[in-house]
Amino acid sequence: MRQRQGLIALAFLAPALVCLAVLRIVPAISAVVESFYSESLLRGGRVFAGLGNYTDLLSSKDFRQSVGVTLLFTVLVNPIQVAVSFLLAVLFTQRAAGARLWRTLVILPIATPPAVSAVIWSVIYRPDGLANGVLERLGLPAQPFLTSPGQVLGSLIVLLSWIGVGYWMLFLIAGIQEIPAEVREAALLDGAGPWRRMVSVVLPLVRRPLAFVLVADTVSNLLVFAPVQILTKGGPNGNSNLLMYDVYNRAYAIGDIHVAQAEVVILVALTLAIVAGQFRLLRGDQ
């Protein structure tokens, strides 16, 4: 009977396992293998290059700049998105008039594909767009936003936060709603104010969903591509050249697929290292 149940379970899992192998495992292995080869015009095909592609990348100024921009972007965008998502989750779980309406408005950008959101914000960031229109109403000078080396990363952070905050907020709302009502009532009876309840009651009890949001948000932001490709093309002066866009540029604009595969391996290794560090810190806090 157990063997029969195991076979039935395996039959149900088989389509998902096949998709996992075809869409994830095989491409990953292929990327690692291809990263050790290069195209040779003299030999008319690919030749084994060993670690040559990796050494070429590490010695490239453009690649090192891309790594630096990606790490800076990650350090800035993750705390902003997680903090705003948590604060909105706390706010929208309160029994207040209009809370559900505002929650819906915050969630709406989730339904918009990233490419469409990038087009919307390209209009907002235009010299005669909404953002500069608001600044003009406030008596402030117009800003270049996407064409300024100092503002382009911040402009992308605003766009990606507009897209992502509502999504991560849903996980935190689910975690907050799981907090027993008795715990909240006890905090109220003890005279704890809203800030004290949030810090001493809500925050400790949603650490698990908060940890998930932090890790998943980190991975998501390390793989940002569409807004950069549509809005900035990595410019100006490489100040928005995130690693995922740099991979695309090397593979399809420059045409060096093997170096691009090596960069993919480095990006995955960097992502795993950051996520492993986060897990270790979170486990240490517990």
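Leu-20 is partly exposed, at a relative accessible area of 42%. The model is a predicted one.

Leu-20 sits in helix α1, which covers residues 2-34. Leu-20 also contributes to a nonpolar surface patch of about 730 Å².

## Overall build

The protein chain has 286 residues, and 36% of them count as buried. It holds 13 helices and 2 strands. Along the principal axes, its C-alpha atoms fill a box of roughly 80 × 75 × 35 Å.

## Annotated transmembrane regions

An unreviewed UniProt entry assigns the feature "transmembrane region" to residues 67-92, 104-124, 152-174, 210-231 and 251-276.

Residues 67-92 are 100% helix and 0% strand, with end C-alpha atoms 37 Å apart. Residues 152-174 are likewise 100% helix and 0% strand. Their end C-alpha atoms lie 34 Å apart.

## Helix α9

Helix α9 runs over residues 194-205, 12 residues in total. From first C-alpha to last it reaches 15 Å, close to the 16 Å expected at 1.5 Å a residue.

Which residues of α9 are buried? They are Met-198, Val-201 and Val-202. Viewed down the axis of α9, the buried residues fall within an arc of 125 degrees, so they line one face of the helix.

Methods
Residues numbered from 1 in each chain as written. Predicted model: local features only at pLDDT ≥ 70, side-chain atom pairs only at ≥ 80, totals over all residues. Heavy atoms only, no water. UniProt positions renumbered as here; feature names shortened; annotations may be inferred. Helix = DSSP H or I, 4+ residues; strand = E, 2+ residues; numbered from the N terminus. Patch = residues over 30% accessible without salt bridge, like charges linked within 9 Å, V, L, I, M, F, W, Y side chains within 5 Å. Areas by Shrake-Rupley, 256 points an atom, 1.4 Å probe, with all protein chains shown as cover. Salt bridge = Lys/Arg side-chain N within 4 Å of Asp/Glu carboxyl O. Buried < 20%, exposed > 50% of the residue type's maximum accessible area, 1.4 Å probe, protein only. Expected span 1.5 Å × (residues − 1). Arc of directions from axis to C-beta.
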